[in-house]
Amino acid sequence: MGEFVKEEILSVGIDIGTSTTQLVFSKMLIQNVASSFTIPRVSIVDKKIIYRSDIYFTPLIENKIINMNEVIKIIDKEYSIANIDKKDINVGAVIITGETARKENANEVLHRLSGYAGDFVVATAGPDLESIIAGKGAGADKYSKNNNKVVVNIDVGGGTSNLVVFSNGKTHDTGCLDIGGRLIKIDKNSGKIDYINEKIKDLIIHKNLNIRIGEKADKGEIYTLTKYMARILEMSVGITKKDLFYEKFITNKGLKLDKNIDCISFSGGVADYINEQSYEDVFKFGDIGIVLARAIRESKLMQNLEGVKSQETIRATVVGAGSHTTKISGATITYTSNSFPIKNFPVLKLSKDEEKDIYKIGDIIRKKLDWFKIDGKIENVAIAFEGKKSPSFVEVNEIGKQLVLGIKEIIDEGLPIIIIVENDMAKVLGHTIHRLLDYKVNVTCIDAIKVEDGDYIDIGKPLANGMVVPVVVKTLVFN
């Protein structure tokens, strides 16, 4: 594979959110950080944003359907302005976030853009991953690590608020609430309300507020509503006692709150207005985002927790998508065919208990593969496990035999063989499997990547003279 020192790769992040759509292009520098005469260890050592697109209102048709043609026009326009060719993109992410992820054609849009925007661009819309990459885009993870603090970042968008807790720089927990600035929309010309989200309707009735479609938006009534929305955010981080309405606003799950939170940061479009002192034209964006920002600023969130200034606000998610989704595999990997990129492979992960007895691995995998069958036929799947740190030759050989036994259906169907190991043993294990299959079947075996059951994985084209591959681990909400 030859000596490798460093290499620059190009990444794109595309975020199609409830309110806005935007792109960011980044350059990442990968480098061998191991000392001479040791096994290479390739890492991402630098990330630099080279282009930020304009921010566009997400094109929708009757609030129900994403206007695919308009989204593609935006992408084409920004690629052209940035003078970037799709074929030059190495890694990246297309994510559909918030309320937009629930639109009728969201799945279709993701899959079309996954191939359209570049040869290795992932499509993902899981709220947990959204929370993490927005928090990283805002810089909350770095602040947590540098100051040894527990930091919560709340990314307040148009339809949802994504929460992530970082403890000493590591992701500790995530959550998501249906709280956002465009849950009520207002006609900018007439000042009349033309859309109210269903969950907000229940809250309006409960609070006996005069907020109705077709009537002029009243600042006082809207502020009363947003004060309670901010209160729900207080509940989410443990400042205020939870009530029955809190549960109704949970998107997928709330925070566990098993750690005391020290600091809070905000990102998302609403975050730009949290520190504003003047709120004259509060409906200038045709929504309640500015009023919600004021309610947050005056809430216990700002009084009870130490505030941390975000590196990015409205662009946090797209910056995170372009710069923080990519991992680099270990340098001791096996791939017997350069058939990359490989996209959207579901992960079958063995638990620690299941891999304790290596002589039972094959049978466990064979049974678990039933989960990945459609109409009785096996589909693409990647097999993952932790592996051993310093396995003997005998152990590697037995693990290889058990894997071949477990994935017999995958082999018989001629599907790709993808093995993911956390510990550094992919090269010898991959060669062992290839040998056990008489060198007739292609094998991809990578290490230094941590995945879980229910994750999906993309593997990009080899980098660093073929030494490593870029990997994105993701959660697809539609699955």
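# Reading strands, rings and pockets

Me: Which strands form the open sheet, and in what order?

Reply: A strand is a DSSP run of E with at least two residues, a helix is a run of H or I with at least four, and both are numbered from the N terminus. Two strands pair if DSSP finds at least two bridges between them. Here eight strands form an open sheet with mixed pairing, in the order β16-β25-β24-β18-β21-β22-β23-β17. At the edges are β16 (326-328) and β17 (334-335), each of which pairs on one side only. This is a predicted model, in which local features need pLDDT of at least 70 and side-chain atom pairs count only at pLDDT 80 or more, while totals for chains, interfaces and linings use all residues. Residues are numbered from 1 along each chain as its sequence is written, and side-chain values use heavy atoms, with hydrogens and water left out.

Me: In what sense do β21 and β22 pair?

Reply: Strands β21 (residues 382-385) and β22 (residues 417-421) are parallel and share four bridges.

Me: Where does β9 lie, and how many of its residues are buried?

Reply: The general idea is that side chains in a regular strand alternate between the two faces of the sheet. A residue counts as buried under 20% relative accessible area, as exposed over 50%, and as partly exposed in between (1.4 Å probe, protein chains only). Strand β9 (residues 150-156) has seven of its seven residues buried, so the rest of the structure largely encloses it. On one side are Val150, Val152, Ile154 and Val156, and on the other are Val151, Asn153 and Asp155, all buried.

Me: Which strands pair with β9?

Reply: With β10 (residues 161-167), β9 makes seven bridges in the antiparallel sense. A hairpin of four residues connects β9 to β10, and Ile154 stands opposite Leu163. With β14 (residues 263-267), β9 runs parallel over five bridges; there Asp155 has Ser267 as its bridge partner.

Me: How many residues lie between β12 and β13 in their hairpin?

Reply: Six residues lie between these strands, and Gly191 in the turn has a positive phi of about 75°. Strands β12 (residues 184-186) and β13 (residues 193-196) run antiparallel and are joined by three bridges.

Me: Which charged ends sit over the rings of Tyr246 and Phe245?

Reply: The test is that NZ of Lys or CZ of Arg lies within 6 Å of the ring centre and within 35 degrees of the ring normal. Lys242 has its charged end over Tyr246, 5.2 Å from the ring centre. Lys248 has its charged end over Phe245, at 4.8 Å.

Me: What is the volume of the largest pocket, and which residues are closest to its centre?

Reply: Rolling a probe the size of a water molecule over the atoms shows where empty space is left. On a 1 Å grid over the protein atoms alone, a pocket is an open set of points with protein on both sides within 12 Å along at least five of seven lines, and lining residues have an atom within 4 Å of a point. Grid points are joined across faces, edges and corners, and the volume is the space filled by probe spheres set on them. The largest pocket has a volume of about 1800 Å³. Its lining has 50 residues, with Lys136, Thr171, His324, Thr326 and Lys327 closest to the centre.

How values were computed:
On a 1 Å grid over the protein atoms alone, a cavity is a set of points where a 1.4 Å probe fits but cannot get out, and a pocket is an open set with protein on both sides within 12 Å along at least five of seven lines; lining residues have an atom within 4 Å of a point.
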